[in-house]
Amino acid sequence: MTATQLKTDVTIVGAGLVGLAATVALVQAGYQVVLVDSQTQQRLRYPADDWDQRIYAISPNNMQWLSQLGIWPLMDKSRITEMQAMEIWGDTTSQPLTLHAEDVNADDLGFIVEECLLKDALLQWIEASDVCMLTGHECLAIKSSPQQTLLTLDNQQTIESTLLLAADGANSWVRQQLNIGVQHKDYEQTAIVANFLTEKPHEHTARQWFTHYEMGGGGVLAWLPLSKNKISIVWSAPTAHAEALMKLPLDVFANEVMRAGSSSLGAMSPIGKPASFPLILKQANQSVASSVILIGDAAHRVHPMAGQGVNLGFRDVIDLLDLLESKHTCQPINDKALLKQYARIRKVDVLNMVSLTNGLYHLFESTHSVVKHVRNWGLSATNQQAIKKILIANAISL
């Protein structure tokens with residue numbers, strides 16, 4: 001075997017959060033892993049007065065999993081915020097639906113974490129564990145069969161593996177090369193993300209407003225608690241409205257965010273500049289192929305209103321590891337029956353989340369008076385304690 005040829009148990013394409021977490025989990029499970037990414041990976045830390053625009057709400061179950069992997073203790077706890085409650089407003093409701101973790105005897109609904117913080121911890125573990133990382137080179141070709149996969153990089157490096165995990169994002173190169181189709185829906189919306197310092201404390205409460213615009217179309221404004229008096233926002237709005245917001249001076253934009261959130265936290269001062277990205281639903285027609293599994297956004301990209309995109313990706317990895325741990329000793333990790341079993345397990349979880357986010361989008365997009373009445377009555381009616389407990393339990397179970 002020459003220096004340009006590698007043989008391994010698992011090749012992972014994509015060094016985002018899901019690909020990195022999969023690398024850590026598989027290495028700890030005893031598998032030899034090669035991690036591939038076209039971008040050079042560097043650990044990145046933000047100064048104390050700056051915050052990453054990319055923020056995730058990590059579920060309690062996934063926090064426990066990351067803790068078991070030894071990743072959670074590597075992060076700066078002062079930059080992680082517990083989310084203990086959530087308030088949700090409809091477009092005409094005067095009082096919010098309020099969900100408290102304590103209603104189901106839980107400590108938290110989730111944990112708000114910057115992408116750079118979690119990625120830095122994952123890279124720290126991988127670098128310390130001397131995992132083989134091939135970065136800075138594009139993938140050139142892939143051949144997959146029931147026996148193995150062969151990946152070729154643009155420097156002619158080849159990696160032969162029993163199993164390949166495609167964690168290379170919503171526009172997955174691996175998925176395209178294998179001609180796996182995608183269900184695609186353009187929401188005709190744009191999400192704006194930004195961070196703010198607020199006058200009043202957020203009290204570890206996330207806040208979400210479902211709105212409807214006179215120009216047509218619905219939107220969602222979410223405020224997520226950061227450390228001390230800081231929040232991160234995700235404002236999903238019709239693209240024309242979002243583009244107009246992005247053109248505003250920072251102080252005017254901050255006033256618009258404050259006004260849209262009913263000045264719940266008083267005056268708001270921007271931390272850095274806002275960023276935006278289009279909202280698109282993508283779901284691969286199949287999550288497995290010959291010796292290949294799609295995970296994370298390569299398999300499914302959902303509306304950010306539920307904040308569960310990265311959680312779904314972590315669940316992909318967790319379910320895969322559970323299957324590998326319980327498989328027969330003589331069963332290879334790319335066994336056809338094993339991959340089919342994985343696909344069945346993940347299909348239910350993903351379809352539930354797609355149905356929820358897509359259903360909420362259409363519910364608040366509608367201008368029909370009956371639909372408008374029902375959606376706002378629903379938020380008020382849901383303040384019944386029994387139904388609230390079901391909603392909270394579902395929210396924290398992922």
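**Notes on packing and pairing**

1. Helix α1 (residues 17-28) and helix α3 (residues 115-128) have axes that come within 10 Å and cross at roughly 30°, where axes are lines fitted to C-alpha atoms, for helices over the stretch in contact, and angles run from 0 to 180 degrees between N-to-C directions. Helices (H or I, at least four residues) and strands (E, at least two) are DSSP runs, numbered from the N terminus. This is a predicted model, in which local features need pLDDT of at least 70 and side-chain atom pairs count only at pLDDT 80 or more, while totals for chains, interfaces and linings use all residues. Residues are numbered from 1 along each chain as its sequence is written, and side-chain values use heavy atoms, with hydrogens and water left out.

2. The two helices α1 and α3 are therefore roughly parallel to each other, given that angles under 35 degrees count as roughly parallel, over 145 as roughly antiparallel, 65 to 115 as roughly perpendicular and the rest as oblique. α1 passes α3 in a left-handed crossing (left-handed if the near helix is turned anticlockwise from the far one by less than a right angle, right-handed if clockwise). On the α1 side the contact (heavy atoms within 4.5 Å) is made by Leu17, Leu20, Ala21, Thr23, Val24, Val27 and Gln28, and on the α3 side by Glu115, Leu118, Lys119, Leu122, Leu123, Trp125 and Ile126. These residues divide into 10 nonpolar, 2 polar and 2 charged, where Ala, Val, Leu, Ile, Met, Phe, Trp, Tyr, Cys and Pro count as nonpolar, Asp, Glu, Lys and Arg as charged, and the others, Gly among them, as polar.

3. α1 also packs with α7, at an angle of about 25° and with the axes 9 Å apart, and α1 and α7 are therefore roughly parallel to each other. The crossing in which α1 passes α7 is right-handed. Leu17, Val18, Ala21, Ala22, Ala25 and Leu26 of α1 meet Val310, Gly313, Phe314, Val317, Leu321 and Leu324 of α7 in this contact, which by class has 11 nonpolar, 1 polar and no charged residues.

4. Helix α7 (residues 309-326) has a further partner in α2, the two axes coming within 10 Å and crossing at roughly 55°; α2 and α7 are therefore oblique to each other. Their crossing is left-handed, and the contact is made by Asn62, Trp65 and Leu66 of α2 with Asn311, Phe314, Arg315, Val317 and Ile318 of α7. By class, the contact of α2 with α7 has 5 nonpolar, 2 polar and 1 charged residues.

5. Which strands form the open sheet of 3 strands, and in what order? The order is β3-β7-β4, with antiparallel pairing (two strands pair if DSSP finds at least two bridges between them). β3 (55-58) and β4 (81-83) stand at the edges with a single partner strand each, so one side of each is left without a neighbour in the sheet. From one strand to the next the twist averages 30°.

6. Within this sheet, β4 and strand β7 (residues 110-114) pair in the antiparallel sense over 3 bridges, and methionine 83 has glycine 110 of β7 as its bridge partner. Helix α2 (residues 60-68) lies across β3 and β7, running at about 95° to β3. α3 packs on the sheet as well, touching β3 and β7, and its direction makes about 85° with that of β7.

7. Strand β12 (residues 182-198) pairs with strand β16 (residues 268-284) in the antiparallel sense over 14 bridges, and glutamine 189 stands opposite leucine 279 in β16. β12 is also joined by 9 bridges to strand β15 (residues 230-238), and these two run antiparallel; here valine 193 stands opposite valine 234 in β15.

8. The count of aromatic pairs comes to 5, where rings of Phe, Tyr and Trp (its six-membered ring) pair if their centres lie within 6.5 Å, and planes under 30 degrees apart count as stacked, over 60 as edge-to-face and the rest as tilted. Tryptophan 89 and tryptophan 209 form a stacked pair, at 4.9 Å centre to centre and with 10° between the planes. This pair links distant parts of the chain, with tryptophan 89 in strand β5 (residues 85-89) and tryptophan 209 in strand β13 (residues 205-212), 120 residues apart.
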